[in-house]
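Subject: Structure handover

Hi,

Here is the structure I promised to pass on. Please open it next to this email. My notes follow below.

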Amino acid sequence: QVHLVESGGGLVQAGGSLRLSCEASGLVFSIYSMAWFRQAPGKERERVASITRADSTANYADSVKGRFTISINNAKDTVWLQMDSLKPEDTAIYYCAAARFRNSAHDYWGQGTQVTVSS
C-alpha cells in the first residue's frame with residue numbers, strides 16, 4: 001500500500017506561482033510513476049504532468065507545457081509541481097497519483113489540494 005499526501009495549494013493572482021508537493025510513504029518501491037491530475041468544477045479530470053521514478057522522464061499536458069515543471073527528489077518519494085504564469089483556468093483541485101506499472105491506471109491517490117487563481 002502507498003499513502004500520498006499533497007500540500008502547497010492556495011490562492012494566487014494570475015501570473016503568479018505556486019509549488020505543490022506530494023510525499024509518498026509505504027511501499028514506495030512498487031511505484032513506477034507519479035503524476036499530478038486536476039479537476040475543476042463541471043469539468044473532467046485532466047492529467048497535468050507525470051514523471052517516472054526510475055529515470056525521471058516527465059510528460060506534460062499541452063495546457064501547461066512551458067509553465068509547469070514536475071520533479072522528483074533523490075529518494076524518489078517526493079514529487080513537486082512548480083506552477084508558474086498561473087491563469088484563472090488553472091483553478092482546480094490538484095491530486096497526486098501513483099501507478100505501479102507503465103501505461104496502467106493509477107492505483108493510489110492523494111486527498112487533493114485546492115489551487116485558486118484570481119484574475
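Leaving aside its neighbours within four places in sequence, which residues is serine 119 in contact with? They are Ala14 and Pro88, where contact means heavy atoms within 4.5 Å.

Before the rest, some ground rules. This is a predicted model: local features need pLDDT of at least 70, side-chain atom pairs count only at pLDDT 80 or more, and totals for chains, interfaces and linings use all residues. Residues are numbered from 1 along each chain as its sequence is written, and side-chain values use heavy atoms, with hydrogens and water left out.

Serine 119
Serine 119 sits in the segment after β11 (113–118). Strands (E, at least two residues) are DSSP runs, numbered from the N terminus. Serine 119 is exposed, with a relative accessible area of 88%. Exposed means over 50%, buried means under 20%, and partly exposed is in between (1.4 Å probe, protein chains only).

The disulfide
The structure has one disulfide, defined as a pair of cysteine sulfur atoms within 2.5 Å. Cysteine 22 and cysteine 96 form the link, S to S 2.0 Å. The pair joins distant parts of the chain: cysteine 22 is in strand β3 (residues 18–26), cysteine 96 is in strand β9 (residues 92–99), and they are 74 residues apart. The link is left-handed, with -75 degrees about the S-S bond. Cysteine 22 counts as buried because its relative accessibility is 0%. Cysteine 96 is buried too, at 0%.

Serine 21
Serine 21 is also found in strand β3. Its relative accessibility is 15%, so serine 21 counts as buried. The side chains of serine 21 and tryptophan 80 make a polar contact of 3.4 Å. A polar contact is a pair of N or O atoms within 3.5 Å; within protein, one must be able to donate a hydrogen and the other to accept it, and residues adjacent in sequence count only if both atoms are side-chain atoms.

The aromatic pair
The count comes to one aromatic pair. Rings of Phe, Tyr and Trp (its six-membered ring) pair if their centres lie within 6.5 Å; planes under 30 degrees apart count as stacked, over 60 as edge-to-face and the rest as tilted. Phenylalanine 37 and tryptophan 109 are tilted: 4.8 Å centre to centre, 50 degrees between the planes. Phenylalanine 37 lies in strand β4 (residues 33–39) and tryptophan 109 in strand β10 (residues 108–109), so the pair ties together parts that are 72 residues apart in sequence. Phenylalanine 37 is buried at 10%, whereas tryptophan 109 is partly exposed at 31%.

The core
A nonpolar core is a set of buried Ala, Val, Leu, Ile, Met, Phe, Trp, Tyr and Cys residues joined through side-chain atoms within 4.5 Å. The largest one holds 31 residues, and Leu4, Met34, Trp36, Leu81, Met83 and Tyr94 touch the most other members. Strands that each supply at least two of its residues include β1 (2–7), β5 (46–52) and β8 (78–83). Beyond four places in sequence, methionine 83 has contacts that include Leu18, Phe68, Tyr94 and Val115.

Valine 64
Valine 64 is in the loop between β6 (58–60) and β7. Valine 64 counts as buried, at 0% relative accessibility. Not counting residues up to four places away in sequence, valine 64 touches Arg38 and Val48.

Best wishes

How values were computed
Helices (H or I, at least four residues) and strands (E, at least two) are DSSP runs, numbered from the N terminus.
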